[in-house]
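Subject: Predicted model, with notes on what was found

Dear colleague,

I am handing over the structure below, and the notes that follow go through what was found in it. Please read them with the model open beside you.

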Amino acid sequence: MSLGTNASRTQLWLEGLGEWSWPGSGGAAEALPLPPAWVPTLPPAVAPAGAGATFPAPAQPRGRLTPRRLLIGALLSALAAVCVALALQGPLTLDRLLGRHPVSRAVASAALPVSAAPPAAPLPTLVPVSHSAAGSSIDRASFASPVLGGEGSFLVYLPPGFASTSRHYPVIYLLHGQNGHDTAFLEIGIQASLDRLISRREIPPMIAVMIQDRPGLENWRDLGGRRSASYVVEVQQFIDRMLPTIAKRSARAIAGNSMGGFGAMHIALANPLRFGVVESWLGYFNNLDRELRSDRPVIARLGLRAFLYGAQGDSVADPAQDPAFAATLRSAGASAQSAVYAGNHSLTTLSEHLDEMMLFAGRSMFAAG
């Protein structure tokens with residue numbers, strides 16, 4: 001496919017941005033309790049007749065009064081009492097029937113021996129790295145990752161006014177390329193881009209989390225003892241505990257460049273109830289069709305917004321994959337756009353189109369929220 005020979009900053013759109021709407025356990029048997037006092041003993045007790053004792057003449061019954069009839073009469077009386085209780089005092093519980101004071105569910109649960117819940121993993125501590133003139137900050141966190149079996153770390157962009165507001169924020173998670181670093185996103189200007197777009201009210205204030213994987217990254221996948229995809233989910237769960245996020249699918253985006261672009265799409269499809277927006281920058285989509293097929297019911301019900309772009313001169317990731325996989329996403333019910341820009345597989349190309357990607361993520365999360 002010929003993509004033309006445009007100048008370095010021109011772009012060839014394969015599809016438009018489209019509209020911004022979002023599709024929206026045998027022990028001994030326990031002794032039975034005695035009946036309450038108002039239930040007659042069975043059979044009824046009869047006082048012995050003494051000598052010379054007289055009784056009033058009985059009324060003429062329709063039949064002989066037998067113990068069985070006395071029992072039936074007693075039971076009918078009890079039934080009538082139950083009806084009165086229901087009418088006057090509400091539902092007749094077993095506690096009321098046995099003359100006991102009711103115990104609340106909370107108190108009853110507290111009285112049962114239960115195992116203590118395992119303590120949550122300690123939260124990482126954010127350490128300030130820098131501040132911008134606009135009032136945003138970059139913080140770093142390092143922690144012992146049970147998933148990685150070693151140290152994990154990430155950078156966080158906190159928007160202007162973060163420390164003085166009680167609002168909650170959408171979050172975008174960013175994955176670097178092979179042998180890359182989380183600082184690459186700072187190099188391409190993400191802090192300035194977000195400051196600018198937020199100050200112009202083009203996107204809502206948002207948090208950006210730049211995740212650092214260990215050396216030898218392999219497509220941000222779980223492979224043997226290397227669990228890079230699960231590590232991303234671990235960081236996401238930490239962020240929702242650490243910061244005032246909008247902790248729901250529609251307010252989470254994930255994006256990445258090159259191998260991180262593959263990782264973002266793979267993790268979004270492997271966790272379809274976790275991320276509502278996904279972007280791939282100069283990425284690829286090898287063997288993701290099976291994951292996408294299994295996600296169809298979720299995407300059809302909840303939607304998925306995606307933006308995929310490549311570069312005309314990219315010798316690492318074939319730009320033709322972007323429109324092709326975007327079409328596959330749309331066939332599964334996603335709202336997916338793609339583009340091929342002028343440029344090559346470089347941080348320069350990423351920097352030139354960073355604003356468009358932050359606009360897409362911010363507006364998509366805002367529209368869905």
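Helices and strands here are DSSP runs, numbered from the N terminus, with helices being H or I of at least four residues and strands being E of at least two. The model is a predicted one, in which local features need pLDDT of at least 70 and side-chain atom pairs count only at pLDDT 80 or more, while totals for chains, interfaces and linings use all residues. Residues are numbered from 1 along each chain as its sequence is written, and side-chain values use heavy atoms, with hydrogens and water left out.

Confidence

The mean pLDDT of the chain (the predictor's confidence in each residue, from 0 to 100) is 77, and 66% of the residues reach 70 or more. Over residues 1–63 the pLDDT is below 50, and beyond near neighbours in sequence this stretch has 76 contacts in the model, a contact meaning heavy atoms within 4.5 Å. Over residues 90–118 the pLDDT is again below 50, with 20 contacts in the model beyond near neighbours in sequence.

Helix 8 covers residues 289–302, and its 14 residues reach 19 Å from the first C-alpha to the last, close to the 20 Å expected at 1.5 Å a residue, where the expected span is 1.5 Å times one less than the number of residues. A kink of about 55° lies at Asp-295, shortly before the proline Pro-297; the bend at a residue is the angle between axes fitted to the seven residues ending there and the seven starting there. The buried residues of helix 8 are Leu-292, Asp-295, Val-298 and Ile-299, where buried means under 20% relative accessible area, exposed over 50%, and partly exposed in between, with a 1.4 Å probe and protein chains only. These buried residues pack against helix 7 (259–270) and helix 9 (321–331). Just after helix 8, Gly-303 takes a positive phi of about 80°.

Helix 5 (residues 190–199) is mostly covered, since seven of its 10 residues are buried, among them Ile-190, Leu-194 and Ile-198. The helix is followed by Arg-201, whose phi is positive, near 60°.

Strands

Strand 6 is largely enclosed by the rest of the structure, because six of its six residues are buried. Both of its faces are covered, with Ile-207, Val-209 and Ile-211 buried on one side and Ala-208, Met-210 and Gln-212 buried on the other. Strand 4 (residues 150–158) pairs with strand 6 in the antiparallel sense over five bridges, two strands counting as paired if DSSP finds at least two bridges between them, and Phe-154 stands opposite Ile-211 in strand 6. Strand 5 pairs with strand 6 in the parallel sense, over five bridges, and here Tyr-173 stands opposite Val-209.

Strand 2 (residues 127–131) lies largely in the open, because the number of buried residues among its five is zero. Strand 2 pairs with strand 3 in the antiparallel sense over four bridges, and the bridge partner of Ser-130 is Ile-138 in strand 3. The two strands form a hairpin with five residues between them, and Gly-135 in the turn has a positive phi of about 105°.

Salt bridges

The structure holds five salt bridges, each being a side-chain nitrogen of Lys or Arg within 4 Å of a carboxyl oxygen of Asp or Glu. One of them joins the side chains of Asp-182 and Arg-140 at 3.3 Å, N to O. This pair links distant parts of the chain, with Asp-182 in the loop between strand 5 (171–175) and helix 4 (184–187) and Arg-140 in strand 3 (residues 137–145), 42 residues apart. Asp-182 is buried, at a relative accessible area of 3%, whereas Arg-140 is partly exposed, at 26%.

Another salt bridge is formed by Arg-226 and Asp-213, at 3.5 Å, N to O. Arg-226 lies in strand 8 (residues 226–227) and Asp-213 in the loop between strand 6 (207–212) and strand 7 (222–223), so the pair ties together parts that are 13 residues apart in sequence. Arg-226 is buried, at 16%, and Asp-213 also counts as buried, at 3% relative accessibility.

Glu-202 forms a salt bridge with Arg-200, the closest N and O atoms being 3.5 Å apart. Glu-202 is partly exposed at 27% relative accessibility, while Arg-200 is exposed at 51%.

With best regards
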